[in-house]
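Subject: Structure for your review

Dear colleague,

Please find below a structure that I am handing over to you. A short account of the findings follows it.

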Amino acid sequence: MNYLKTFFRLLLGLFMTYAGFSHLTFNRQEFVAQVPTSGVVEIALGLGMLLLWKKKAVVGALLALFYVAIFPGNINQYVNHIDAFGLNTDNLRLIRLFIQPVLIFLALWSTGGWQQLKEWWQYLTKSKKA
């Protein structure tokens, strides 16, 4: 099971690093349809997934939160029929909406990020009570 988790963690890391570099270079206009004009966050998260294996739970939780944060952009792309990243039909854009939760799950599952999110939540709710 650990090999499978490592495989998906590295795969997500490569995917995010590639997305970030493409965001800053050859796909700059495509990414404007989704997120602000910076790929630095994607690169940082991608490299974190690849290199920060001792902090993988933190990076995985942050990556999952990033995927949640950009989900409204995916919805916007679907609702407003915006062509980007080869998603040039409503069916393809709709499929992407269903892929996003899978990416969130993989980021959390492959890194142990579930536990990290739980700890952050407990800290935040405990701080509000004090």
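How many helices and how many strands are there in the chain? The chain has 6 helices and 0 strands, and its pattern along the sequence reads α-α-α-α-α-α. Please note that this is a predicted model.

On the chain as a whole, 35% of its 130 residues count as buried. The accessible surface amounts to about 8,200 Å², and carbon and sulfur atoms account for 70% of that surface. Where contacts link residues at least 6 apart in sequence, 61% of them join residues at least 24 apart.

I would next draw your attention to helix α1, which covers residues 2-24 and so counts 23 residues by the DSSP assignment. From its first C-alpha to its last, α1 reaches 33 Å, close to the 33 Å expected at 1.5 Å a residue. Several residues of α1 are buried, among them Arg9, Leu12, Met16 and His23. The buried residues of this helix also include Gly13, Thr17, Ala19, Gly20 and Ser22.

A further point concerns histidine 81, which is located in the loop between α4 (56-79) and α5 (90-109). Its phi is positive, at about 55°, although histidine 81 is not a glycine. Is this residue buried, exposed or partly exposed? With a relative accessible area of 48%, histidine 81 is partly exposed, because the partly exposed class lies between the limits of 20% for buried and 50% for exposed.

With kind regards

Key:
Residues numbered from 1 in each chain as written. Predicted model: local features only at pLDDT ≥ 70, side-chain atom pairs only at ≥ 80, totals over all residues. Heavy atoms only, no water. Helix = DSSP H or I, 4+ residues; strand = E, 2+ residues; numbered from the N terminus. Expected span 1.5 Å × (residues − 1). Buried < 20%, exposed > 50% of the residue type's maximum accessible area, 1.4 Å probe, protein only. Contact = heavy atoms within 4.5 Å. Areas by Shrake-Rupley, 256 points an atom, 1.4 Å probe, with all protein chains shown as cover.
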